[in-house]
Structure formats: C-alpha cells, structure tokens
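Here is a guided tour of a protein chain for you to follow with the model open beside the text. Please have the viewer ready, and we can go through it together.

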Amino acid sequence: MPKLTIDGMGIEVEEGLNIIQAASRVGIEIPHFCYHPALSIVAQCRQCLVEIEGVPKVMPACNIFVREGLIVKTSSEIAIEARKATVEFTLINHPLDCPICDKGGECPLQLTTFKHGPGYSRFEGPEEKKVRQKNYLSDRIVYDPNRCIMCTRCVRFTDEISKTGELGYNGRGFRKKIVVFPGKNLDNEIAGNVIDLCPVGALLSKDTLHEERVWYWKFTDSICPLCSNGCNITVGVDPRKGRVSRIRPRVNLEVNDYWICDRGRYNFKPVQEDKRLKVPIIRRGENFEITTWDTALDYLTTEINVILNEAPDSIAIICSPMLTNEELYLVHKLSQTLNVMNITSAIGKHEGEKKFGLISADPFPNSKGVIDLGIAVDNTGLDQIISHLIEGRFKALYVLCLDLFQIINDNERAKLTEALTRLSLLIVQHYKLTDTAKLAHLILPGATPYEKDGSLTNDEGRIQRIHQSIPPPGSAKQDWEILKMIGNRFQKESFNYSHPAQIMNEIGERIPLFKGMNYEKIGTLGINRLS
C-alpha cells in the first residue's frame with residue numbers, strides 16, 4: 001500500500017484511491033461538485049484543486065491517484081485561493097435565490113460557498129446575471145438551468161448507471177444546459193436518482209417543490225418495503241403535516257450502492273390515503289361500528305375459544321411477507337399457543353437478474369423471512385388453505401396484511417366471497433380497507449412498514465433494520481403490538497414484550513438461522529444470516 005503525506009500527515013492507503021478519498025480517511029474534506037465515487041471522473045468543476053509538491057500548478061484532487069511518496073497540500077495559500085476563485089467563477093450566473101430554493105439547507109454549493117468562497121462578489125447585483133427559462137425533464141423532474149453548474153453528474157448517470165442515455169447538453173458558455181435527447185423521455189425506472197446526484201438546486205422533484213424547508217423535516221434510516229431487494233433508504237417526514245414527504249437512497253454498497261428505484265422513491269403515497277384503517281371495527285349484523293381495542297380483543301378471545309372447544313382444526317391463519325421477522329415469529333408463536341396447524345403465508349419469487357441491480361420480481365420485502373421462520377416454503381400451503389376454505393372446512397380465519405382477492409384468479413372471486421361469508425369468524429389485520437376486510441367480522445388496524453420497528457430479510461439473506469419514521473394514524477398499532485395483545489389474552493407470560501428488540505433476542509435464541517442475532521449485530525447496514 002502506498003504511503004503519502006496530506007497536509008503534513010503521513011498516511012498509508014490502498015491502491016486506486018484518489019486524493020479526495022485518501023484525504024477523507026484522515027478527516028480532511030476536499031470540496032467537489034462533479035466527482036462522485038460511482039461515476040466516471042471528468043474533473044471539470046475544478047472545485048477540488050490542491051497543491052501537489054513538485055507540480056508547478058494546482059491539480060484536481062479527484063483525478064490524482066495515490067502513489068508512493070506523494071505530498072499533497074490542501075490548505076496551502078495557493079490551493080485556498082484557487083478554490084475561492086473557482087467558487088466565484090461558479091457563482092457568476094448562479095441566482096441568489098437560496099431563500100426559495102428547495103435545496104437550501106442541504107446544498108453542497110451553498111455549504112462550499114460559506115466554507116471555501118471569497119465572501120464577496122465583484123458583480124454589482126443580480127441584474128447582471130443571465131436568466132433562462134425553467135423546464136421539465138420529465139413529468140416528475142424540474143430543471144432550472146440558471147442554477148445548473150454543469151457538473152454533468154446527471155448525464156453520466158444515464159450513460160453509465162441506467163445505461164439509457166436520455167440526457168446530454170448543448171450550447172456553450174452561459175447558454176450551455178442539460179437537455180433530453182430528441183425522441184427520448186427521462187422515464188427509466190431509476191431516473192429519480194439524478195435529483196439526489198445534483199449538487200445544487202437545478203434538478204428538483206415536482207412532488208415536493210416548495211413544499212417545506214428541509215430543516216423542518218425529521219429523517220429516519222429504514223429499508224424500502226416495496227420489493228425483496230431491501231434497498232436502504234432515508235424517510236423524510238414533515239412533522240407539521242404528520243406525513244411522509246420524501247424517500248431518498250441511503251448508501252449500502254452490499255445492497256443498493258447509492259441508488260433506489262422510482263417505485264421505492266414515489267410509491268409511499270398510498271399508505272397515506274384517506275381510506276386508511278385507523279380504529280378497530282366490529283361487525284354488528286349487516287353493519288360495521290367503531291369499537292375499542294379492549295372490546296375488539298374481548299370479542300376475538302371469546303369467539304376463538306368457542307371454536308377451539310368445538311372444532312380446533314377449523315381455524316386457519318394466513319399472513320404476509322409484508323410483516324417483519326419479529327411479527328412473523330409472533331404469528332408462528334401464536335399459532336403454536338392456540339395449537340393451530342393450518343398456518344401459511346404468501347411468498348414472492350425472484351428469478352433472473354434484477355433490473356438495474358435494484359428491482360426484484362418479488363414484490364414483498366420479507367419472503368425470505370417467511371421461509372427462514374418456518375411458516376411456509378412456497379405457495380403450495382397457501383393454495384391448499386384457500387382450496388380448503390372454498391370447500392368450507394374452516395370456521396375461523398385470521399388474515400394479516402394480505403388481501404386474498406389479490407392472490408386468486410378472477411374466476412374464483414365469487415367462490416372466495418361465498419366462502420368468507422360462510423365463516424363464523426373472519427379477522428382481518430391490515431392498514432387499509434381491502435376487499436377481504438369488507439367481509440370481516442373484526443378489523444384490526446395495523447401499520448405500514450414506515451410506521452413500525454423491526455427487521456426484514458432480503459432475497460440474499462441479509463437481515464436489515466426498519467425504523468418507525470411516523471406513528472400509525474388514529475388508534476392503529478404496529479402489528480407486533482397487536483399480536484402481543486392477542487397473545488396476552490391466551491398466554492400472558494409468553495408474550496411479555498415491550499419492544500421488537502426483545503423479540504429478536506428470542507428469535508436469536510430459538511431459530512437456528514438467526515442464532516445469536518440481535519439489533520446490535522444487525523447495525524445500520526444489516527448482516528447476512530447464517531446459511
């Protein structure tokens with residue numbers, strides 16, 4: 001490994017790193033705009049200029065790679081003055097609109113100007129700046145050429161990462177701008193990542209345009225629940241509105257690198273629809289009425305005990321790979337407590353390569369968890385239980401976070417409706433009013449993956465944490481809490497949990513594939529479970 005010196009500090013790093021990467025190892029930040037570790041190096045913003053001993057002029061740190069004996073000065077007078085001049089040049093036609101720019105508060109250009117800029121301008125006022133018209137690069141992405149500093153990150157992303165090549169640039173000087181190639185649309189399935197890549201406010205999401213200042217938002221690290229890849233994300237919540245406002249990728253080189261797909265970025269909105277279930281609901285004859293949790297659980301306990309005494313084999317449980325590992329474990333534990341043998345779950349399958357290395361054909365985030373926890377190995381058990389349900393073999397059915405009408409063929413809808421109507425007890429636990437829930441005797445309002453704590457196992461067997469970014473609406477509860485309350489009604493000493501961490505500790509003691517697992521070991525980036 002080459003040894004070099006940066007600002008008087010001798011360091012030893014691996015081959016292949018550039019000066020920006022090497023300096024970061026010892027806590028030295030070199031400002032940059034065009035450089036990104038996942039993209040090719042173009043060294044055109046010139047903001048990362050440093051002094052190299054033996055070289056007569058300042059050099060871009062992004063394009064100088066470590067070598068034995070290299071001596072770098074990032075804070076010499078020459079390097080500092082060069083970076084100041086670059087900031088001033090970058091700002092020549094950049095508008096002074098930080099107070100209204102959505103990037104304000106998290107803008108690399110803004111931060112660089114404060115830390116490395118000259119602190120003054122030789123231009124008299126904004127009237128001397130060139131102004132160009134804003135336009136849309138797609139139905140979701142707004143482009144403001146006045147703010148664009150031509151770092152070309154977005155262009156290189158479509159060339160090198162998505163490999164769809166929609167973006168380019170035309171013009172010269174201040175007229176130069178990003179354009180979409182004629183005959184193409186910026187509509188690939190990971191196009192939203194150009195918003196995150198932009199180091200200024202030139203590329204913005206139409207969905208959150210002028211919605212709120214970023215410093216008011218609360219950010220929570222979590223996992224995308226919309227397919228089995230398990231992309232790491234940061235969930236932005238607007239506390240004033242009590243809603244999820246933004247999803248951004250979180251770097252995890254083992255799972256999703258620096259990116260997420262547009263489905264994960266934009267499709268969180270359905271969880272905030274007005275049709276969300278917010279309170280327990282009980283059927284009274286042909287009508288539904290709102291009830292309390294105590295009343296709902298009293299009703300559930302009474303009815304289940306009656307059926308257990310009459311026909312214990314006539315109860316079935318169907319759960320979903322939308323549930324966390326902790327919740328799936330509690331479902332399985334509850335089935336053992338009640339001696340219910342008819343338990344299964346839907347399972348998604350992924351075959352072939354993932355699109356862009358991110359998008360799995362399995363739409364569920366925890367199909368692997370269902371298998372690992374011994375609930376099901378494929379969809380055979382689900383097909384069998386639905387077949388027995390249609391044949392009338394069950395008196396009670398407990399469905400968690402799944403709409404049965406979404407997993408059957410259209411020609412079976414009438415038979416399934418009739419079978420569910422015949423049941424003595426149908427309990428549905430979900431966060432939204434599904435077709436299955438509309439036939440239930442008891443509806444228990446659960447939580448979305450953005451509203452709960454726990455863990456998910458992706459299709460590669462990596463266990464990762466999800467964190468509650470926003471509480472469930474109304475009196476709805478996290479699904480593990482509901483399962484704990486139900487378990488307490490039948491065997492209180494076995495369901496005495498106050499946090500999912502306790503459930504994971506128990507899983508680590510009892511499930512071989514999770515041996516020794518706990519939240520501390522899972523950490524922020526996850527860990528592969530035993531094979």
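## A proline to start with

Is Pro449 buried or exposed? Pro449 is buried, with a relative accessible area of 8%; buried means under 20% relative accessible area, exposed over 50%, and partly exposed in between, using a 1.4 Å probe and protein chains only. You will find Pro449 in the loop between β20 (442–445) and β21. Not counting residues up to four places away in sequence, Pro449 touches Pro225, Met322 and Ile466, where contact means heavy atoms within 4.5 Å. Pro449 and Ile223 lie 226 residues apart in sequence, yet 8.6 Å apart in space from C-alpha to C-alpha.

## What you are looking at

This is a predicted model, in which local features need pLDDT of at least 70 and side-chain atom pairs count only at pLDDT 80 or more, while totals for chains, interfaces and linings use all residues. Residues are numbered from 1 along each chain as its sequence is written, and side-chain values use heavy atoms, with hydrogens and water left out.

The protein chain has 14 helices and 23 strands; helices (H or I, at least four residues) and strands (E, at least two) are DSSP runs, numbered from the N terminus. Its C-alpha trace spans about 90 × 50 × 40 Å along the principal axes. Of the 531 residues, 55% count as buried. Taking contacts between residues at least 6 apart in sequence, 65% join residues at least 24 apart.

The chain exposes about 24,400 Å², and carbon and sulfur atoms supply 50% of that area; accessible areas come from the Shrake-Rupley method with a 1.4 Å probe, and for residues only the protein chains shown count as cover. The mean positions of the 65 positive and 66 negative charges are 4 Å apart. Here Lys and Arg count as positive and Asp and Glu as negative, with His and the chain ends not counted, and each charge is placed at NZ of Lys, CZ of Arg, CG of Asp or CD of Glu.

## The seven-stranded sheet

Seven strands make an open sheet with mixed pairing, in the order β15-β14-β20-β19-β18-β16-β17; two strands pair if DSSP finds at least two bridges between them. At the edges stand β15 (287–290) and β17 (342–345), each with a single partner strand, so one side of each is left without a neighbour in the sheet. From one strand to the next, the twist averages 15 degrees.

Strand β14 (residues 281–284) runs antiparallel to β15, and four bridges join the two. Ile282 stands opposite Glu289 in β15. Helix α8 (residues 325–337) lies across β16 (315–319), β17 and β18 (396–400), running at about 175 degrees to β16. Axes are lines fitted to C-alpha atoms, for helices over the stretch in contact, and angles run from 0 to 180 degrees between N-to-C directions.

## The three-stranded sheet

Another open sheet has three strands in the order β21-β22-β23, with antiparallel pairing. Its edges are β21 (454–457) and β23 (527–528), each with a single partner strand, so one side of each is left without a neighbour in the sheet. Two bridges join β22 (residues 462–466) to β23, and the bridge partner of Ile463 in β23 is Ile527. Helix α8 packs on this sheet too, touching β21 and β22, and its direction makes about 95 degrees with that of β21.

Strand β1 (residues 3–6) has a covered face, Leu4 and Ile6, and an uncovered one, Lys3 and Thr5. β1 pairs with β2 (residues 9–12) in the antiparallel sense over four bridges, with Lys3 opposite Glu12. The two strands form a hairpin with two residues between them, and Asp7 in the turn has a positive phi of about 50 degrees. β1 also pairs with β5 (residues 71–73), in the parallel sense over two bridges; there the bridge partner of Ile6 is Val72.

## Helix α4 and two positive phi values

In helix α4 (residues 153–161), Arg153, Cys154, Val155, Arg156, Phe157 and Thr158 are buried. Their cover includes β8 (167–170), β9 (177–180), α5 (193–197) and β10 (203–205). Just after α4, Lys163 takes a positive phi of about 55 degrees. Lys163 sits in the loop between α4 and β8 and is exposed, with a relative accessible area of 65%.

Most residues other than glycine have a negative phi. Phe356 has a positive phi of about 60 degrees although it is not a glycine. Phe356 lies in the loop between β17 and α9 (367–372) and is partly exposed, with a relative accessible area of 28%.
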